[in-house]
Amino acid sequence: MFKNLTKNRWKFAIIPALIIVAGAIFGFIHQSNEGFFNFDVEFIGGTRMEIDLKQAFNNDEIAQLVQESTPENVNAVIQKGNTDTTVIIKVPSLGNTPVTAEAAPAEGTDAAAADTSSNANQIRTVDDEMRENIINALKDKYQITDDNIISVNSASASFGKEVQTKAILFTLIAIVCILIYIAIRFEWRSAVMAVIALAINVLIMASVYTITYIPLNTTFIAAMLTVIGYSINNTIVIFDRIRENMKLRKKNETISEMTDRSILETMGRTINSTITTLITIVLIYILGASTIKDFALPLIVGIIAGAYTSIFLASTFWAVWKESDIQAKALAAQDRKNARKKK
Amino acid sequence: MKNKSIATLTIVVLAALLLNYVAFFGINIGSFEYGGMFGNNGIKKGIDLAGGSVITFQAVEKDANGNKIGDIVPSNEDMTSLKGIFDLRMQAEGYTEARISSSDDGKITVEIPEMQDTDAAAELLGTTAKLTFNDADGNVILDAGTDLKSASYEFGATEQGTAATHHVKVEFNPDARQKFADATRAAAARVSEGKNYIAIVKDGEIVSQPSVSKEIDESSCVITGQFTADSARQLANQIQSGSLPVDLEIAGANKVGAELGPDALKNSIIAAAIGLLLIMIFMIVMYRLPGLIADISLLIYVGLMALIMGLFHFNLSLSGIAGIVLSIGMAVDADCIIFERVKEEMRLGKTIRASVMSGFDKAFSAIFDSNVTTIITCIVLILSKISTITGFAWTLGIGVILSMFTAIVITKFLMKQLLGIGIENRSLFCPAKAKKGGAEANV
């Protein structure tokens, strides 16, 4: 199986396909309660709070507390943080409309809230008020102070959407640029196969996000683009060898055979440089803080996937495509010849 | 030839070590002083390492009552002056590391490492601070934007025998002094109407409303009011920096915890150091002598990278660290391509010298094409201006360019020196059993 790569190309496609299907299944499972992806608030807009409660807690307990301190239709997500005592609360945005003095809910206005709202210079929004209410409720219940608030992030929904659109847009621009470059330096079939391979890698990475339910934020874009760059890198080294071997190809060697040979010749380099890249990123995963772990894990999977798809999929499918095109051309030439003969 | 090559190799190794020492621990020769990558004038710690606040404002249009009409995109001039004002306000508060960036749709984002109080930061920056001196009928006498020379915070008694207060002292421009003298004389005369006062108004709110009993012809005056030390200092800062050319609304406000900071950086450095060591061992195991050469190049690569980042004061964030660590792993990729090629050539029965030379030649197109695509990705990322990932793109991009340089120029130079020594033992260049090299498939 590992000598005749081109012949077995569909078998190699099974593993990535299974991962992507698993990712999709997990996504749909998550969708029924929290959403397909675990979008971070910087993407969907809203507030993310990470607070050390200094004691073990129950997620439902916090959910109820959050429910009580917000308008009834807020769908908050409660998660455990790095330690058993940290809680991560995510509340979607209710909108950026300013709060007027009379619109403030009567029960929520304690001394502190009233104090800040009297400050007319400050722009207070519904979201600001909701955030304050939740934090005050937690402070009361768990006897904590501002020092226990690890982080509070808020982003308006429109801002989040912009980041999202921008991210997708720039990813597509990057892919198109890479596509054009490969089409110029190699041939258009190589460009198409390279891009299909990287699309598979991106889907595998997306599956990591649905399976593990890591928060999806702008670092996903950084991870994704690294993997795109890396997998293209691998694919090109193999295509480069194919380009070279193609020129020196003997008449009796088929394209598939030549491709298999090229893949095997570059295998040492592909494996070694994947190992060196993985060494550092795995260490980062082991030693890193939780935010960088969330970044390193998809990257590890993406780099392995990148090596796999370059070795087993991109050039093997290219070879078959190229071969069938050559055959089609030969057939057409044969037909023309026959037609001429008949005349 | 042999001795010369050994000497050159030794010098390069020493230079590589020196480069790394300078890059990480700094140098102090005469007037040139550099504190190293992590020193005071080295890299800047990004907001995620030092903690702080990230605040995004949207330029908006407001009606006379201060209600929002809609988002607007300020002119380039306004945006530039807005950034300048933000910069002044941050500098005055001592936050010299703040990063200010704007987008095409009228958003301006400020990242302030080490600033913990997001609300205070948002207020400091987002307040228009349009200050005017009005008479009792609401006519503007003086406008802080054009009529004041300077403003400063003071603490003390403004008049003899009164309690010390926090107040702001403002200096008038020459013609403003005359205007103020005229206005105070006019106000003093209206004592019978009960309108003998001057109102000091900031953003539509009266800060203070001192009554005037006689003409005041002085080059400065003090603004008193219900100030605390902080609010007086802030007002002085805002007057000094100028009023904002457009109204702003907060689009996002983040407080980033500092707890993650010191550990994250330390752990990442440890990860990088261990990773580097493992990669070096791996290269020697896989490629023998050429592997050792690749390790020297890698050392030079790391030193150059650290030096560039330190000297250009890179803003180092977690994703930036990830970019560096990743580029270390990828840096030896070019060496792998070359040395695999050399092995193949040697297996075809060529001499060591011929194999090394043709290995470099044949590897070039693969190295070039594969790195150019990564550079394309990095350029697109940098152009995206998405703040959390541009740092990553810069470090990865520079890393890739540097690694091409070290692989193609330095590794080649060192390999030539190695050839100059004249080692005949082929197994030092090409391990006899190559489990992973696939070349035997076609030989």
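Visitor: What is the mean pLDDT of chain A, and what percentage of its residues reach 70 or more? After that, please turn to Ala197(A): which helix holds this residue, and which residues does Ala197(A) touch?

Guide: This is a predicted model, in which local features need pLDDT of at least 70 and side-chain atom pairs count only at pLDDT 80 or more, while totals for chains, interfaces and linings use all residues. Residues are numbered from 1 along each chain as its sequence is written, and chains are lettered from A and ligands numbered from 1 in the order in which they are written.

The mean pLDDT (the predictor's confidence in each residue, from 0 to 100) of chain A is 80, and 83% of its residues reach 70 or more. Helices (DSSP runs of H or I, at least four residues) and strands (E, at least two) are numbered from the N terminus; chain A has 11 helices and 4 strands. Confidence in chain A is lowest in helix α5 (residues 111-117), at a mean of 40, and highest in α8(A), at 92. Over residues 101-122 of chain A, pLDDT stays under 50. For that stretch the model has 19 contacts beyond four places in sequence, a contact being two residues whose C-beta atoms, placed from the backbone, lie within 7 Å.

Ala197(A) sits in helix α8 (residues 188-212) of chain A, the helix with the highest confidence in that chain. Ala197(A) counts as buried because 27 other C-beta atoms lie within 10 Å. The cut-offs are 20 or more other C-beta atoms within 10 Å for buried, 12 or fewer for exposed, and partly exposed in between, with C-beta atoms placed from the backbone. Of the 343 residues of chain A, 46% count as buried.

Leaving aside residues up to four places away in sequence, Ala197(A) touches Ser231(A), Thr235(A), Thr309(A), Ser310(A), Leu313(A) and Ala314(A). An α-helix has 3.6 residues a turn, so residues three or four places apart point the same way. Asn234(A) is 37 residues from Ala197(A) in sequence and 11 Å away in space, C-alpha to C-alpha. For chain A as a whole, among contacts between residues at least 6 apart in sequence, 79% join residues at least 24 apart.
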